[in-house]
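Trainee: I would like to go through this model with you, one question at a time. Can we start with the strands?

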Amino acid sequence: MGKINKRTAVSFLVQKIFGSNCFCLLFILIVNLSDHFIQGGFMNIVSLSLVLFLTISFTNVHAEVWHSKEEWSESWENEYRQWVNKNLRTDVFTSEEGLLGGLATDCADALYAIRIQFAYENSLPFVINAPDVLKPTVKIFGSDTAMFDKITDEKKRVRAFMKFVMAESGTNELMKDTFPVQIKKINSGIVYVVEWSLFGKMNRHSYIIKGFDQDGELLYYASDAPVKVRKLQVDTKYPRFSYDSAPFGFRKWKQPSQLLIPEKNISPSAGYSIEQYTLLESIGKKYILKEIRNILKNR
């Protein structure tokens, strides 16, 4: 086999990753022409003009699922909390209206889709730990991906992104994309994850906290298995199962800057705490949800 130069290797790698979309072709063209510029000494005016023309012409290439103008902060987390409390309905996936209408989900799918919708509608990035299918090349994955660049309709592109995330993520991934939250910060948008054994088989389930009812009781919303288009189920006061150990229990979504740091290094001001597990050790699985309910009622 003949020797492959760096220029050819880079072009091949980009084609493998991005396919043959416009962004890929432009990148390869620039790589090849820049090599020509360096070797040629005096820049070829025609070639340089072509590069500049193509760069300007393709500024409308999406190269991302949506453009993020905002950055996640605790202020935006409060907006998310209020949005979930006000806007999340049980028919969000069965209604013909809205971005999520008609999407087939299981429990974790629904939680990812809801978070993606809020991020998209508010020009925020959606970033998670990279799904196994993209590892080890990619560590984090999100709305800046060019994977769906060929879909020109923005809403269809967002839904395609959602479906990919949902297909590659489950309750196990959800726990990696969230962190244990302080008990007094349990509110709308917080995730509840639980594991239990049935006939010797381990099962996992996840909920999103809708908020509180008129009596101050927690409202747990959830989809279920198998994957299908369904209304969200509602549990009031207590979910179907309690949890008996970390990392299960009440968890908050990680912001992009928190994904690649050790969980214990997330600031308490962001809501990180293992106090629910300390309480769990002292009173046990049977009483943990009741005690958390009492704390929330008296805060």
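Trainee: Which residue stands opposite Leu219 in E6?
Mentor: Strands here are DSSP runs of E with at least two residues, helices are runs of H or I with at least four, and both are numbered from the N terminus. Strands E5 and E6 pair in the antiparallel sense over four bridges, where pairing takes at least two DSSP bridges. The residue opposite Leu219 is Gly211.

Trainee: What should I know about the source first?
Mentor: This is a predicted model, in which local features need pLDDT of at least 70 and side-chain atom pairs count only at pLDDT 80 or more, while totals for chains, interfaces and linings use all residues. Residues are numbered from 1 along each chain as its sequence is written, and side-chain values use heavy atoms, with hydrogens and water left out.

Trainee: How many of the residues of strand E6 are buried?
Mentor: Buried means under 20% relative accessible area, exposed means over 50%, and partly exposed lies in between, with a 1.4 Å probe and protein chains only. Leu218, Tyr220 and Ala222 point one way from E6, Leu219 and Tyr221 the other way, and all are buried. For strand E6 (residues 218–222), the count is five of five.

Trainee: In what order do the six strands of the open sheet run?
Mentor: The pairing is antiparallel. Strand E3 (178–180) and strand E7 (233–236) each have a single partner strand, so one side of each is left without a neighbour in the sheet. The order is E3-E8-E4-E5-E6-E7.

Trainee: Which residue stands opposite Asn203 in E5?
Mentor: Look at strand E4 (residues 191–198) and strand E5 (residues 201–212), which run antiparallel and are joined by eight bridges. The residue facing Asn203 is Trp196.

Trainee: Phe199 lies in the loop between E4 and E5. Is Phe199 buried or exposed?
Mentor: Phi of Phe199 is near 55 degrees, a positive value in a residue other than glycine. Most residues other than glycine have a negative phi. With a relative accessible area of 82%, Phe199 is exposed.

Trainee: At what angle do the axes of H5 and H6 cross?
Mentor: Axes are lines fitted to C-alpha atoms, for helices over the stretch in contact, and angles run from 0 to 180 degrees between N-to-C directions. Contact means heavy atoms within 4.5 Å; residues that meet include Tyr112 and Ile116 in H5, and Val158 and Phe161 in H6. The axes come within 9 Å and cross at roughly 145 degrees.

Trainee: Which backbone nitrogen does the side chain of Thr145 reach?
Mentor: Thr145 is in the loop between strand E2 (140–142) and helix H6 (154–168). At 13% relative accessibility, Thr145 counts as buried. Its side chain reaches, at 3.1 Å, the backbone nitrogen of Met147.

Trainee: Which residue does a cis peptide bond join to Ala225?
Mentor: Most peptide bonds are trans. Here omega is about 0 degrees.

Definitions and conventions. A polar contact is a pair of N or O atoms within 3.5 Å; within protein, one must be able to donate a hydrogen and the other to accept it, and residues adjacent in sequence count only if both atoms are side-chain atoms.
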